[in-house]
Amino acid sequence: APSRSPPPSQTPAGNVTGSSKHPALITASVGLASFLYSVDWTIAAVALPHMQGTFSATQDQIGWVITSYIVASALAIPAAGWLSLRFGRKRVFLWAVTVFLIASVACGAANSLAMEVFARIVQGLGGAFLIPLSHAIILDTYPPEEQGKAMALWGMGAVMGSFVGPTLGGYVTEYLSWRYIFYINVPFGLLALAGAAAFLPETKRDPERRLDWFGFLSLSLGIGSLQLMLDRGGQLDWFESWEIITEACLAVLGLYLFNVHCLTAKQPFLDPRLLAQRNFFLGLVFAFIYGFVVTPPIVLMPSFLDQVRGYSIDAIGLLQAPRGLGLFSAMIIGGRITGRIDPRKLIAFGLLCLAWSSWEMSDWTGDVGVWPLVWTNFMQGIGGGIILVPTQVIAFPSLEPHRRTEATAVYNLVRNIGASIGISGALAMYVRTSSIMHAQLVEHASPFNRALQAQAPEGWGLASTQALARLEREISLQSAIIGFTGDFFLFALIALAAMPLLLFIGKPKMLRSAADRAEAMVIAE
């Protein structure tokens, strides 16, 4: 959702503001659909270890379940405005929910990793339209004096998805199956679909409205090839593989064609003049950093808790809950104090929270206790949540109102790309680091190592098959710990390195009214 909402006359295919009947039922229907989309960002992360076993996938391969959903959403979001104008907002919303639900069933029924990833792509394509369309629907449903309160209510409901997702996913996976984390979308999705079909008014259509297909397809080619290269690079030894070289060339070609087309076309898919606004450009940089630093730990933590600490999947989901609680709390507090405190200070505080917690996580061992797991996850949520509202307050008020709808699409696109690249990069770095450390540690497991020459009381040695197996398990465990902590250390460095960028941001407009602060609320993953 945009941080500064465009006037109703500038929302896609808008109705007359406040003209809709049954506003509460409309809000509940679109809010429930947005909630399901938000839940599916995080609910699958907890189930990744179980899905990895089902599909016989490697650590980096199973990450495709998350990144495919994020990239598909990122690519589809900019087309939401055109679709609603061309075919009518209600029709597009109903089709989006329907596609999301069908894809959810396919995700749960998948019997291979390829089918799972394909279903997640379709699910992301359908779900991507729910947030921008819901935002426009809320604006058109309420009169101006009630829009701030309605936006805050809808925004909080959608944010709750990321709060309950990990815990819900853990319990569902433990006591039913990981497949039911997708099946549970169906009854609630049907309820949202029925509510939207019954109460949501249709908007006027513009059959002559055209989409810049060349810009859309070239951007899709560039980002899709880049993501595929990042996902497959670690497995194929990067540029030693012709597949990776081909994907890299396609990524460069697609992004080059997109940039040239945007600079020369009369009505490009995305207006490059948006980037000429310094604060908006820097807002995009921080949106990318947010996705890069905040999202990957959500994917890494379940694997750490499963492989290193050996927790059950329901306990893993419960231990992920502090992150959602911190995110939810920080967004409420951030939305209230953004108009009273310089947003640059809030962003700096959030980056410090992320850096500090990631730094602490980089010192974890195989014996890390519950309390460090709880407070570091909570601080990660605080850091991520407190950044969201101030970042958009910096980015959007400097833009003309008629550009904010398109700017919202660009903002969400960049943030999602940052998240997908961060996840792929973190998993690739983990696999490479743990593999190198495993090879180095194995070099010390030889008869010439005095510590292993005689059978120790703890059972270490080389004299029996059981001792060798135990030694191998310990080496694999220590290699995995080094791989995880290396990623956490990198996130701490990136969070600290981003802080000097705040010096380039001009003093943003302060939001004094409650309505302005409510409109600054965004939907978090």
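A salt bridge is counted here when a side-chain nitrogen of Lys or Arg lies within 4 Å of a carboxyl oxygen of Asp or Glu.

**Setting up.** I noted that this is a predicted model, in which local features need pLDDT of at least 70 and side-chain atom pairs count only at pLDDT 80 or more, while totals for chains, interfaces and linings use all residues. Residues are numbered from 1 along each chain as its sequence is written, and side-chain values use heavy atoms, with hydrogens and water left out.

**Salt bridges.** By the rule above I found two salt bridges. In one of them, Asp342 pairs with Arg344, and their closest N and O atoms are 2.6 Å apart. Arg344, at 21% relative accessibility, counts as partly exposed.

I also looked up Asp40, which forms a salt bridge with Arg120 at 3.9 Å between the closest N and O atoms. This pair links distant parts of the chain, since Asp40 sits in helix H1 (residues 23-55) and Arg120 in helix H6 (residues 113-127), 80 residues apart. Both Asp40 and Arg120 are buried. Helices are DSSP runs (H or I, at least four residues), numbered from the N terminus.

**Around Glu406.** I located Glu406 in helix H17 (residues 404-442), where it is partly exposed, with a relative accessible area of 24%. Which residues does Glu406 touch, not counting those up to four places away in sequence? I listed Phe269, Leu270, Asp271 and Leu274, a contact being heavy atoms within 4.5 Å. The C-alpha atoms of Glu406 and Phe269 are separated by 9.3 Å, although the two residues are 137 residues apart along the chain.

**Leu176.** I placed Leu176 in the loop between helix H8 (144-175) and helix H9 (180-183), and noted that Leu176 is exposed, with a relative accessible area of 55%.

**Confidence.** I checked pLDDT, the predictor's confidence in each residue, from 0 to 100. The mean for the protein chain is 81, and 86% of its residues reach 70 or more. Confidence is lowest in helix H19 (residues 514-519), at a mean of 51, and highest in helix H5 (residues 89-109), at 92. Over residues 1-18 the pLDDT is below 50, and this stretch has 80 contacts in the model beyond near neighbours in sequence. Where pLDDT is low, the predicted coordinates should not be read in detail.

Definitions and conventions: Helix = DSSP H or I, 4+ residues; strand = E, 2+ residues; numbered from the N terminus. Buried < 20%, exposed > 50% of the residue type's maximum accessible area, 1.4 Å probe, protein only.
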